[in-house]
Amino acid sequence: MRWAISIGLVIVCGVMVRLKADTTAVVAPATAQEDPAGEARRKTFDEFLDLYVRDGYVYYRALKGERSRFDAYVNSLADVEVGSLARDDQLAFWLNAYNALVLRTVIDHYPLQGRSPDYPPKSVRQIPGAFERLTHRVAGRTLTLDQIEQTVLPEFHDPRVFFALGRGAMGSGRLRSEAFVPARIEEQLADVASECVTRAQCLQIDRESGKIGASPIFSWREKEFAAAYADKAPPVFADRSPIERAIVAFVQPKLLSTEKEFLDKNTFQIAYRPFDWTLNDLTGRGGR
């Protein structure tokens, strides 16, 4: 475990890994277009994630201890010109920016104190207006987190991105311990989609009851998922709604054979699970 290694060695190892990725990038067109400043910013964020994120959990207390350096990184996103970059560079930028802004929103108010009975006591939702009112300067624009999710990311026409967002909650997709990289963005998003079927927060199949519990993220972004995946579902599901066909097409390739057989009977019911807004805090789960 890297927690048992000194921070200096962790960073050295992290650099070694990233140098390997960059070596691959030399022959990849998307990476060749990544400007040096953008690469430097990404590697800085990569170091933060490598040090303070484990299996989707964040050691917020330790990250807050590096407040000055982390703030400098987030502030460096304010006036980045992204419009002229290649698609994969833009997508990696926005995913990393969103996840970094969530992390800063949390440490701005950490430790969280629950007041609203509508959410868990330790929840990013206990921060008033965390997603819909607090604004951030990023890429020359002033945006809320909701605006990035609802107006910026849909332009990429890839609903996998909505499971790549670390919303500071257990119910979101698993926050990765690495930054999104233009040259590897397809591979990374494929991993994001594959992880969905392994996490109860995303998908839970109960063959005995004939029910499938699905993440509400599918319903939040119904338009995008239906447009991208509904037509990819097998003909046996033709009588299903577009979003149900989309969910099937999204998860079926990674299901076990017994689960695929269960789906093929087409007798199941899909219900959205409540979103778990509990903070993905590493403290108390093996964190230092």
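**Briefing: disulfide, cavity lining and backbone exceptions**

The structure holds one disulfide (a pair of cysteine sulfur atoms within 2.5 Å). This is a predicted model, in which local features need pLDDT of at least 70, side-chain atom pairs count only at pLDDT 80 or more, and totals for chains, interfaces and linings use all residues. Residues are numbered from 1 along each chain as its sequence is written, and side-chain values use heavy atoms, with hydrogens and water left out.

**Disulfide**

- The bond joins C196 to C202, with an S to S distance of 1.6 Å.
- The torsion about the S-S bond of C196 and C202 is about -60°, so the disulfide is left-handed.
- C196 and C202 are both buried; buried means under 20% relative accessible area, exposed over 50%, and partly exposed in between, with a 1.4 Å probe and protein chains only.

**Cavities**

- Six cavities of 30 Å³ or more are present in the structure. A cavity is a set of points, on a 1 Å grid over the protein atoms alone, where a 1.4 Å probe fits but cannot get out.
- The second largest cavity has a volume of about 80 Å³; grid points are joined across faces, edges and corners, and a volume is the space filled by probe spheres set on the points.
- Its lining residues (those with an atom within 4 Å of a point) are F163, G171, S172, G173, R174, V192, E195, C196, R199, Q201 and C202.

**Backbone exceptions**

- Most residues other than glycine have a negative phi, and most peptide bonds are trans.
- Y110 and P111 are joined by a cis peptide bond, with omega of about 0°. P111 sits in the loop between α6 (87–109) and β3 (135–138); helices (H or I, at least four residues) and strands (E, at least two) are DSSP runs, numbered from the N terminus.
- A139, a residue other than glycine, has a positive phi near 55°. A139 lies in the loop between β3 and β4 (141–144) and is buried, with a relative accessible area of 13%.
- N266 is not a glycine either, and its phi is positive at about 60°. The loop between α12 (257–264) and β7 (269–272) holds N266, which counts as buried at 17% relative accessibility.

Definitions and conventions: On a 1 Å grid over the protein atoms alone, a cavity is a set of points where a 1.4 Å probe fits but cannot get out, and a pocket is an open set with protein on both sides within 12 Å along at least five of seven lines; lining residues have an atom within 4 Å of a point.
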